[in-house]
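Dear colleague,

Please find below the structure I promised to pass on to you.

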Amino acid sequence: MKTNKIIVISSIIIIILIIGIPTTYKVIKNHNQNLSKVVEDKIIEKAKECYYDKKCLNEKITLKELYDNKYLAKISDPISKEYYNENSYVERKNNKYKFIVVE
């Protein structure tokens with residue numbers, strides 16, 4: 001009787017771990033992706049604003065330009081908490097914007 005109880009309890013713990021670990025990993029990964037997307041969207045939004053105000057007319061709008069024109073304060077990666085390189089840029093092609101991180 002005692003070994004059956006141990007087997008049942010250990011089976012329940014193993015099942016919980018099998019379900020819990022991948023679920024936790026996926027939730028954390030999804031959260032980090034959402035954090036990065038929010039920051040990228042903010043940078044792209046400010047780059048568009050700078051372009052439409054005719055202050056940033058290049059195909060590549062660097063973070064330094066956005067900082068100098070007072071569109072952004074110094075901004076950091078939400079996951080690593082390190083500031084983005086000022087040479088990172090928003091690329092504009094066919095009115096589509098994409099943020100490129102330069103290490």
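What follows is a summary of what was found in it, grouped by region.

This is a predicted model, in which local features need pLDDT of at least 70 and side-chain atom pairs count only at pLDDT 80 or more, while totals for chains, interfaces and linings use all residues. Residues are numbered from 1 along each chain as its sequence is written, and side-chain values use heavy atoms, with hydrogens and water left out.

The core

A search of the whole structure finds 2 aromatic pairs, that is, rings of Phe, Tyr and Trp (its six-membered ring) with centres within 6.5 Å, called stacked if the planes are under 30 degrees apart, edge-to-face if over 60 and tilted for the rest. The rings of Tyr84 and Phe99 have centres 5.4 Å apart and planes at 80°, so this pair is edge-to-face. The pair links distant parts of the chain, with Tyr84 in the loop between α2 and β2 and Phe99 in strand β3, 15 residues apart. Both Tyr84 and Phe99 are buried, where buried means under 20% relative accessible area, exposed over 50%, and partly exposed in between (1.4 Å probe, protein chains only).

Ser88 lies in the loop between α2 (63–68) and β2 (89–93), and it is buried, with a relative accessible area of 0%. Its side chain reaches the backbone nitrogen of Val102 at 2.9 Å. Leaving aside neighbours within four places in sequence, Ser88 is in contact (heavy atoms within 4.5 Å) with residues including Ile61, Thr62 and Leu63, as well as Phe99, Ile100 and Val101.

Charged residues

The structure holds 5 salt bridges, each being a side-chain nitrogen of Lys or Arg within 4 Å of a carboxyl oxygen of Asp or Glu. In one of them Arg92 pairs with Glu59, the closest N and O atoms being 3.1 Å apart, and this pair links distant parts of the chain, with Arg92 in strand β2 and Glu59 in the loop between α1 and β1 (60–62), 33 residues apart. Arg92 counts as buried at 11% relative accessibility, whereas Glu59 is partly exposed, with a relative accessible area of 44%.

Lys64 forms a salt bridge with Asp68, with the closest N and O atoms 3.4 Å apart; both residues lie in helix α2, 4 residues apart, about one turn of the helix. Lys74 forms a salt bridge with Glu86, with the closest N and O atoms 3.7 Å apart. Lys74 counts as partly exposed at 46% relative accessibility, and Glu86 is partly exposed too, with a relative accessible area of 30%.

Technical notes. Helices (H or I, at least four residues) and strands (E, at least two) are DSSP runs, numbered from the N terminus. A polar contact is a pair of N or O atoms within 3.5 Å; within protein, one must be able to donate a hydrogen and the other to accept it, and residues adjacent in sequence count only if both atoms are side-chain atoms.
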